[in-house]
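Here is a briefing on one protein model.

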Amino acid sequence: MVKNDNNNNNYKKNVTIIAQKGADYARKWEISLKNGEILSVLFTGVGGQGIILATTVLAHAAINAGFDVKVSEVHGMAQRGGSVEGSVRIGKKVYSPTINKADFIVALEQLEALRYIQKLAFEGFILVNEYKIYPASASVKESNYPSDVAEMICSFTKNYYFIKTVETAKKLGNLKVSNMIMTGALSEFLPFSSRCWIEALKDNVPEKAVNVNIDAFNTGRGFAKN
Amino acid sequence: MENNKNLRLLTGNEAIARAAYESGVTVATAYPGTPSTEILENVSRYSQIYCQWSVNEKVSLEVASGASIAGARALVAMKHVGLNVAADPFMTLSYTGVTGGLVIISADDPGMHSSQNEQDNRFYARFAKVPMLEPSDSQEALDMVKDAFEISEKFDTPVLVRTTTRISHSRSMVMTGSRQDKKPKDYVKNSCKYVMIPAYGRERHLAVLDRWEKLKELCEQGYYHLLHTPQSSKAVKDIGIITSGVSYQYAREVFDNVPVLKLNMTNPVCSNIISEFSRDKRLVIVIEELEPFLEEHIRLLNLKVELAGKQFFPAYGELGISALEKVYCQLFGTASGKAADNNKVSGEKIIEDTQRIESFKGYTAKKLRQDEILAGLPPRPPVLCAGCPHRSVFHVLKKLKTAVMGDIGCYTLSVLPPLNSLDSCLCMGAGVGQALGMEKANKDFKGRVVAVIGDSTFFHSGITATIDNAYNNGTNVIIVLDNGTTAMTGQQDHPGTGRTLMSNTSVQLKPEDFAKAAGIKNIRVVDPSDMKTLKKVFEEELNRDELSFVVCRRPCVLIEKPKIISKVYIDQNICKECGLCLKFGCPAIEFKDSRYSINSVLCTGCNVCADICKFKAIIKKK
């Protein structure tokens, strides 16, 4: 396997410094969106991790903030534990439903972060759930899961943030809310008010799961603030 | 914006279902197929519409045509290859025309996200001389389907509305309306129109040709195309783009300085509008996915303009922003205005596109290293679920070294490692006929070839092939993988489930009863989770000099979670690390941190793998 280059610091040291960038990104995009630019967010992960809900919540938060949106996702074969992607594009007027370069990537799994990393725009930012799901092919030993996957991600960009969602999700009592913790972290990078997000959550999450999802979202938002 | 209840974020499929509701549709039919499945699933939420899963696309179109003859509006939805199955009624429906409006949705799949081919169904419209509309977002999907019903009734024709995966499965804002109540027209018997004996058929063919001339006039009208003329200072006038469907969206985003003519109706094609659009142009670029359907038509117009299409864009797969940006760079020598401003195309991209990569050696070294990392990543293809009842069948067939003639469904995934099963997968129902052909061609295949088919696909198109196999003295084994649902498309009901799309109970049919009726003597029903019996049954039936029919019956794990008696674990003291358990291909069996283990989150407790280990290291928890 290819080793990480030496100029790259251990990714863990960078976490805190980079997290402070959230507010800068939000300010930049507040102006860019006003100027008619289109913001592209790519969610990646494994079938069953809740990517469709994450794209839905982001899309509605943007709609609540008064923007046009387009969402694209792939169904069918992809649902059988395969690699899954979904994208949201936001702007005054959006044309293409699919993205070329992503201004933000939210990866719910590390290998799927790496797989899509070339989609990251020049000054884009990637949020990675520090979590591994072994693909069946890695189980067959034909191609093993790279042990230094996090460092590989860092060799592509300096703009990253790793979040351990599993422990938090366990504390909240629902392992499935990793997607909302990540969405909460993303929200710190985007210029939409807290109200826009919470309304989007309430309108799109099944009623009995609203509270735990809001808790997860707020926790993720808190991560990105510290 | 947020307060407007009628403004919603909908997929193309949801918008089409909404259009059926608003158009006053009485009957809607389909056979599930990605990317069209959700249309009927969403129609079923409107209680005003009778809707059904049909056994296949041919029958679904015939039911819809019956509803149309009875005077009601009807909608039928299918994936692109579904229209092959329905092609027989479709071609002659063009002759008979309609009474109540009849709209056929063809959801094509460029890029083959979940299909066996990427055929371009626009040719069906041309073939049948039927009008075709192509929406480019969800709002248009709603508006065009509603308009398609008007065209259908006014011009006495079925209307094809063609979507692609990116239209069906993308969500965008839609302004919805209210339902138009359409009372079915009174029935008037009209044999000359609906009974296609040659004498009447000849008359109707003339009616088709007459209708075609009227449709050619219709497509020139304003609503059926849209002209965008950019107003910015960078706008060019001597280049133009002709496009339709989702390609329009890519064109608008990338070629923001170029006039764009979007065709809403792509059959017939508006020749006069195109001639007029091209008149003051030096170059016209046709942007379309798959075949050069519009390009060929425009070439025949013999316009005095340079025409470019497939020389710029591939005739396979999906287009996207990057495919168009490359062409933009070639034409204008720079990244598109918007992309350059936004840094969306990084420096790397432009360098690559203009092939000046050699002068950036340091950059190239890093790029190569990164490419190496990405090329080495383990793939993550879709797999059979943990606890899937199909897995043991393929595991046993692999041991028996038979040729496996396959079919379309979740079990098609068994072709991938480690199961490496399936010798063929052509279309629904094909395996049953292919197995017969194999043994007729070569006696060595006697006792060495099986056909596998799902329960839903057996009803779709396996019954006729089974009869053929029995009638022609086949000696192979037909295996029905009966998991009690249409699993791949998301657990839809079918004649074997005893329930309809509208949640009514119905007769529950069993594949083995059809085998009995076909005169097959050797019929076995086994539980595939009992692998020893499964192997014994397959061996016995393969050795017979007669046709056999084996139903492997166990519900899909996604509809019926097994009552967990106990999950399993691997005893590390017994494990000899032979790796045999990984060859079973269950995602719950892992090789992690240099040891074999069971992922207790994924394990469903089916216990089938306990029989795989020769050393009995896979142990049932008490």
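B:Arg553 is partly exposed in this predicted model, at a relative accessible area of 27% (buried is under 20%, exposed over 50%, partly exposed in between; 1.4 Å probe, protein chains only). Its side chain meets that of B:Asp482 in a salt bridge, 2.9 Å from N to O (a side-chain nitrogen of Lys or Arg within 4 Å of a carboxyl oxygen of Asp or Glu). B:Asp482 lies in strand S17 (residues 477-482) of chain B and B:Arg553 in strand S19 (residues 548-553) of chain B, so the pair ties together parts 71 residues apart in sequence. Helices (H or I, at least four residues) and strands (E, at least two) are DSSP runs numbered from the N terminus.

**Basis**
- Residues are numbered from 1 along each chain as its sequence is written, chains are lettered from A and ligands numbered from 1 in the order written, and side-chain values use heavy atoms, without hydrogens and water.
- The model is predicted: local features need pLDDT of at least 70, side-chain atom pairs count only at pLDDT 80 or more, and totals for chains, interfaces and linings use all residues.

**Other salt bridges**
- The whole structure has 41 salt bridges over all chains.
- B:Arg122 and B:Glu288 pair at 3.0 Å, N to O. Both are buried.
- B:Arg524 and B:Glu541 pair at 2.6 Å, N to O. B:Arg524 sits in strand S18 (residues 522-526) of chain B and B:Glu541 in helix H22 (residues 531-542) of chain B.
- B:Arg524 is partly exposed at 23%, whereas B:Glu541 is buried at 0%.

**B:Lys281**
- B:Lys281 lies in the loop between helix H12 (271-278) and strand S13 (283-287) of chain B. B:Lys281 counts as buried, at 10% relative accessibility.
- Its side chain reaches the backbone oxygen of B:Phe277 at 3.1 Å.
- Beyond neighbours within four places in sequence, the contacts of B:Lys281 include B:Asp238, B:Pro259 and B:Val305 (contact means heavy atoms within 4.5 Å).

**Domains 3 and 4 of chain B**
- Domain 3 of chain B spans 390-553 and domain 4 of chain B spans 568-620 (bounds from an automatic or database domain assignment).
- Their C-alpha centres lie 28 Å apart.
- 7 residues of domain 3 of chain B are in contact with 9 residues of domain 4 of chain B.
- The two domains bury about 760 Å² between them, 67% of it on carbon and sulfur atoms (accessible area, 1.4 Å probe, that two parts lose on being put together, summed over both).

Conventions
A polar contact is a pair of N or O atoms within 3.5 Å; within protein, one must be able to donate a hydrogen and the other to accept it, and residues adjacent in sequence count only if both atoms are side-chain atoms.
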